[in-house]
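Good morning, colleagues. May I ask you to turn to the structure now on the screen.

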Amino acid sequence: MFRSKQHFISAALAVFYLFTAISCSNDNDQNDGLAVVPDLFKLGELTGNGLTVEAYSEGPLTVGYHRIWFEVHRDGEQIERPEFSFAPMMHMEAHSHRSPFQSSGQERDPVHGLLETWAIFTMPSGSMGSWHLELTVSDPERGHEALEGDIQVGVDDSNRVITFLAENEERYVLTWIEPTEPVTGLNDLMVALHHRESMMNFPPVTEADIGFEPWMPSMDHGSSNNVDPTHQGNGFYEGAVNFNMTGDWELRFEIGLDGVDLGRHTFELEF
Amino acid sequence: MKLNSLMRTFPILLAIFSLLSAEVAGIQEIKPPVTEKRTDQPMQSKQEFRIAGVVIDAETGAPINGAHILVAESGDGAISDRDGRFTISLKRSDLQMGQSESATESPESAVDKAKTSIGQCKPTIVPIKTAADQPETSFVPTTAAVGQPVAAVNQLEITLVVTHIGYQTRRLVVDNVNDIEQLTVSLVPAQVISEELIVTAGSQGRPFSALYSEERTRPVEDHLSAASGVHLVTRTNFARDPVVRGMRDHRLDVTLDGMRVTPACVDGMDPVTAYIETDNLQSIELNRGGMDELQMNGVPGGSVDFVMRRPELSTGWSGRSEIGFHTVSGQQVYQGSAGYGGEKWAVRSSGTYRNSGNLHAGGGLAITGSELEKGNLTTSVLFQPNESHQLTLRYIGDFAGRIGYPSLLMDTRRADAHIGGLRHLWRVNSGVLRKVETNLYLNRVAHWMDDYTRDVASREVMQNMYMPMYGETLTAGFSSEARLLSGSHLLSVELEAYRLEAFGDMKMIHIDPDVSEMYLLNLGDLTDRRVSLSAGYRYFGFENWIIGWNGRIEQGFYRLRDERAVATFRAEYPGLVEVEPEQTGYRLGLELERNFSERFAAGLKLNEGTRLPGHMELYGYYVYQPLDGFFYHGNPGLGTERSSQAELYLSMEGGESAWDGSLSVWVNRLNDFITGERVDALFKRYENLGRALLTGFEADLRVQLSPGWRAEGSASWVVGEHIELEEPLPMIPPLQGQMSLQRRGERFGVQGRLRWAAAQNRIAAQNSLEAATDRYLLWDLFVRFAPADGVRLQAGVENLLNRFYTDHLNVNSMPGPGRNVHLSLSYSF
C-alpha cells in the first residue's frame with residue numbers, strides 16, 4: 001500500500017506575494033476601478049496593454065483541487081466573453097511541470113458571474129519551487145494576442161494529493177476533493193484520478209474502478225453505508241462517506257484500471 | 001408515642017402469627033377500631049346460624065381476598081376468598097358463653113382473646129398498625145335469611161373484627177343476630193401498612209416473606225428477589241436490574257410510586273434501583289406480564305412499582321436509625337429518619353449513606369473494582385385537609401460518588417438524581433365514582449462514567465482508549481386514574497402522559513497524545529413523548545365467575561434535536577423515510593376466573609398488544625452491550641413489537657387450611673421482535689427481527705407448620721427461543737427458586753433459607769457472548785432479636801458455605817457474593 005506523507009516546509013507567507021509580485025505591470029492606477037468579489041480570495045492580477053486579469057479562489061491555495069475564477073477587464077470595463085487560456089506551472093530549479101487543470105474558462109458561474117476553471121496543485125510552493133498561473137489573453141477586436149504573463153501564487157502543503165507509481169509503471173495523481181468540511185453523518189465524497197503521461201500532460205482516467213472504505217485506526221473500525229466513487233466525467237469520481245463520530249479517520253481507496261491493480265491509497269483526515 | 005413505637009416495631013408477618021402464638025397475644029396492639037351496632041335484624045331462636053357476606057375495598061369496591069373475619073365472642077372466624085366472600089357458622093351457645101366471659105373486658109382485650117383463640121387453629125394476617133379511626137360510611141345493610149320462623153327474641157350480639165393487611169381494622173357489632181347472607185364489609189386502606197417492605201404480585205396478592213424485610217439498610221433488590229418470576233441482572237455489587245418473566249429494559253415498566261424515572265447511563269449502569277433505598281419504600285408491587293385485571297401496561301413484561309413510604313398522620317414525633325455492615329464487601333450503611341405527624345399534615349425525612357469496598361466471591365476471590373459510595377435523601381410531606389382529599393409531596397435526592405463496575409468497561413464517577421412528585425388522592429366513598437388518584441412528577445438524572453482507573457492498554461475492547469461518558473435524562477409526567485363502582489361493575493380509567501428528554505455523549509481519548517480525541521453522540525438530545533389512555537373492567541355479579549377486560553391505546557412522538565444525531569442516523573439508514581416517527585400502540589386483555597370453592601380458583605388471562613420502541617432502541621448510538629460484545633445502533637425505522645400472551649393460573653388461598661399456594665403457567669409470543677441484527681464483526685442494529693417465544697411458570701407454596709413455624713417455597717422457570725434464529729434468547733434465567741423455614745416471635749425470629757438454581761445451558765451461542773452457567777445451591781441463615789422496645793438487632797449469614805457461583809444474569813459471568821455475615825442494629829421511637 002502506498003502511503004504518501006509529504007513533508008515540506010510550509011509556505012504560508014507566500015500567499016502575501018500575490019499582492020506584490022505582479023510581473024507585468026506596476027500601473028496601480030488601473031486597479032482602482034476594479035471590483036473585488038467580496039466572498040472570494042483574490043490570488044492576484046495581471047495587467048498590460050489596457051487589459052487586466054484578476055484571479056480568485058475560495059481561499060489561500062493548498063495542495064489539492066481548487067476552483068479558480070478569472071475576470072478580464074479592458075480599460076476598466078468587463079469583457080463579457082474574453083479569449084484567454086490558463087495553466088498552472090511549477091517552476092523548480094532543474095525543471096518545471098504542470099499539474100491537472102482545466103484550461104479554458106468560457107462559462108461564467110452563476111454565483112459570482114466570473115469565468116470558472118480549476119486546477120490541482122500537486123505540491124506546495126516553497127524553497128523547491130513556486131507555482132505560477134500562466135495566462136494568455138487574446139483581444140478579438142485587435143486580432144492579436146493582447147496579454148501574456150503569469151501570476152505567482154503560494155500553495156500550502158496538505159495531504160489531499162497522492163502521486164503514485166502503479167504496477168504498470170505508470171504514474172497517477174489521486175486527488176481527494178470532497179468532503180472539504182466533514183461533518184458527522186453522511187458526506188459527499190469526490191476524488192479525481194489523472195494519469196501523468198508527462199510532466200506537462202495529465203489526462204483524466206475515466207474507467208477506473210474505485211473501492212472505498214473509511215476507517216478509524218485508533219478505534220479499529222469503519223462505518224457503514226459508504227458509497228464507492230463512480231466516474232462522473234473528466235476524471236472526477238463521486239460517492240459518499242459516513243463518519244459516525246469525530247476523530248481520526250482514514251479514507252482508504254483501492255483502485256483498479258482495466259484489470260490492473262493501481263494499489264491502495266489512503267488519505268488521513270481529522271475533524 | 002409508646003403505642004406508635006410498639007406498633008412500628010413489629011413486622012406484619014409477626015402479627016400474622018400473633019393470633020397463633022400465646023407469646024404474642026396481649027402484646028400486639030391495635031388501635032380501637034370502629035365499632036357499630038346493627039339492630040335491625042330479625043330474631044331467631046335456632047341454635048346454629050351463619051353469617052355470610054363479602055369484604056370489599058372501600059375506595060375501589062374491589063373484593064378483598066384474604067381478609068380475616070373474627071367473631072370476637074367465640075373465636076370463630078373465616079378468611080375471605082378471591083371474591084371477597086366469607087361464611088361463618090356459629091353456635092348460639094358459644095356466643096352466650098363468650099359474652100358472659102367477656103362482659104367486663106375492654107374491646108381491645110376482647111379482640112386479643114379472639115386472636116388467641118382462633119390463632120390456635122389457623123393463620124391470620126393482622127396489620128400491626130392502623131391509622132386513626134375513621135367513621136364507618138360503607139356498611140351495607142344486611143339481609144336476613146327468609147323462611148325461618150321467629151320463635152323468640154334473642155338478645156345476643158356479636159362483634160365482627162375484620163382485618164386485612166394494608167387496611168384499617170373494622171369492628172362491627174351486630175345485635176339480635178340471625179342468619180345473615182349478604183353482609184358487605186368495606187375496608188378503608190390504611191395509611192401505613194407496616195415497618196416491613198412488602199412485595200406483592202398481582203392476583204396472588206400475598207406478601208413474600210423474608211425475615212430481613214424490616215431491614216432498611218438492605219438494598220432494594222434484596223427484597224425484590226424474594227418474588228418468584230423476578231430475576232436480577234447484576235453488573236456489580238449495586239443497582240441490579242429487575243427482569244420479569246425474561247423481560248427487561250424497554251419491555252418492563254419500572255416505576256417509582258407511579259413515576260417514570262429514566263436511567264441516564266446508556267450502558268445500563270443506573271437502573272431505577274440505583275436511585276432508591278429500602279427506606280424510601282413501603283412496598284414493591286409486581287404485575288407479571290402486564291396482565292393484572294385493572295392495570296394495563298404498554299409493555300409485555302409488566303411492571304415493577306416501588307411504592308414510596310408516606311408520612312403518618314397523628315403520630316407526633318417519631319424517628320428511627322439503623323446501621324448495617326456486610327462483611328462480603330466491607331459495606332457500611334448508615335440510615336436515619338425523623339418525622340412528625342399532625343392531624344392534617346405529616347412530614348418525614350430520611351437519609352442513607354453507603355460505603356463499600358470490593359465484593360468477594362465464594363472462596364474469597366476479591367472482585368476488584370466493585371467498590372461504591374453513595375448517599376440518598378428523601379423527604380415527604382402529606383397534607384390531608386379532610387377525609388376526601390390527600391396531597392403528598394415527595395422528593396428523593398440520590399448522589400453517588402464512585403461505583404465500580406468490574407463487569408463493564410467503565411465505572412461510575414458520579415451520579416445525581418433528583419426525583420420529585422405531587423400526588424393527589426380523592427376518595428369518594430359514595431356514588432359511582434370511588435377514587436381519583438393523580439400524579440404529577442418531574443425528575444432529572446445525570447450520570448458520569450469513565451475508565452481512567454482502568455488498564456485500558458491490556459483490554460481487548462476499546463484498547464488504549466479512555467472513554468469518559470455523560471448521560472442525562474429529564475422525565476416529566478402526569479397520570480390520573482379514576483375508579484368507578486356500580487353494583488358488581490368495577491371500572492378503572494387512566495390517562496397518562498409523559499415526556500422524556502435524553503442526552504448522552506462520549507469522548508475517546510487515546511493514550512497516545514498524538515492521536516486526536518474522538519467524540520460521538522450516544523443519544524442526540526432526543527425527546528420521547530407518550531400519551532396513553534387505558535381502561536380496565538371487572539364484573540363480580542356471577543356467583544362463581546369473575547370476568548374482566550382491559551384495553552389501552554398509546555401514542556408516541558419522537559424528536560431528535562441534535563442535527564449531528566439526525567445526520568448520523570440518515571447516514572446509517574439511507575433509505576429511512578422518517579427519523580422522527582410517530583407511532584401508535586394498543587393492548588387488549590381478557591380475564592376469566594372460576595372459583596371452585598372459597599379456597600380454590602382457576603383463571604385464564606389473554607393479552608394481545610403492541611409495544612412502542614424505546615428511546616434506546618430508536619436512537620441509542622454506539623452503545624456497548626457487554627452481553628454479546630457488540631456495539632448497538634438504534635434504528636428510527638423500527639416498528640412496534642407485537643406480543644400475544646396467555647396465562648393460566650391456579651390459586652389455593654384463604655379458608656381454614658394452613659396451606660396456601662399458587663401456580664401460573666404462561667406463554668408469551670413476540671412478533672416483530674426487536675433485537676440486534678449483526679451488521680459486521682463489531683456492530684449490531686436494532687431491527688424488528690422475526691419472532692420470539694417465551695414460556696414458563698411460577699409456583700409458590702406457603703405452609704403454616706405450627707403456630708410458630710412457617711415454611712415457604714417458590715420456583716420459576718423461563719424458556720426463551722428466537723424462532724427464526726433457531727437459538728435460545730440470551731439472558732434467560734434457568735429454573736430456580738428458594739425455600740425457607742422461619743419462626744417469628746415477639747423478640748426472637750429465625751429463618752433458614754435455601755436458594756438454588758439449575759444450570760443454564762440454553763444460551764445464544766451464535767449471536768452473543770453468553771456463557772453457560774452451573775447450578776448452585778446456597779444456604780442462608782437470618783436471626784432477629786429485639787432486646788428492648790424500639791431496639792432491633794438483625795444478623796445473618798448468606799452463602800453460608802462460601803460457595804463460588806455465578807447467577808446466569810450476572811453480566812460477563814461476574815461471580816456472586818461469597819459468604820456474607822451481616823449485622824444491623826436499629827432503634828426507633
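Predicted model: local features only at pLDDT ≥ 70, side-chain atom pairs only at ≥ 80, totals over all residues.

T230(A) stands opposite E238(A), a residue of strand β18(A). The strands concerned, β17(A) and β18(A), the latter spanning residues 236-243, pair in the antiparallel sense over four bridges.

These two strands belong to an open sheet of five strands in chain A, ordered β12-β13-β14-β18-β17, with antiparallel pairing. Which strands stand at the edges? They are β12 (161-165) and β17 (227-233) of chain A; each has a single partner strand, so one side of each is left without a neighbour in the sheet. From one strand to the next, the twist averages 25°.

On the side of chain B, 22 residues are in contact with 17 residues of chain A. The area buried between the two chains is about 1,500 Å², and carbon and sulfur atoms give 58% of that area. Within chain B, the residues that lose the most area to chain A are S516(B), M518(B) and A571(B), together 29% of what that side buries.

How many salt bridges does the rule find across the interface of chain B and chain A? The number is zero. Polar contacts, by contrast, are present: the count is eight residue pairs, with both residues at pLDDT 80 or more.

Which elements of chain B give two or more residues to the side that touches chain A? They are β27 (489-510), β28 (518-539), α6 (563-572), β32 (621-625) and β37 (683-688).

Finally, I turn to another sheet of chain A. Four strands form an open sheet in the order β16-β15-β19-β20, and here the pairing is antiparallel. Its edge strands are β16 (221-222) and β20 (260-270), each pairing on one side only. Strands β15 (residues 209-216) and β19 (residues 248-257) of chain A pair in the antiparallel sense over seven bridges. Within that sheet, E213(A) has R252(A) of β19(A) as its bridge partner.

Thank you for your attention.

Definitions and conventions: Residues numbered from 1 in each chain as written. Chains lettered and ligands numbered in written order. Heavy atoms only, no water. Contact = heavy atoms within 4.5 Å. Buried area = accessible area lost by both parts, 1.4 Å probe. Salt bridge = Lys/Arg side-chain N within 4 Å of Asp/Glu carboxyl O. Polar contact = N/O pair within 3.5 Å; in protein donor to acceptor, adjacent residues only side chain to side chain. Pairing = 2+ DSSP bridges. Axes fitted to C-alpha atoms, helices over the stretch in contact; angles between N-to-C directions.
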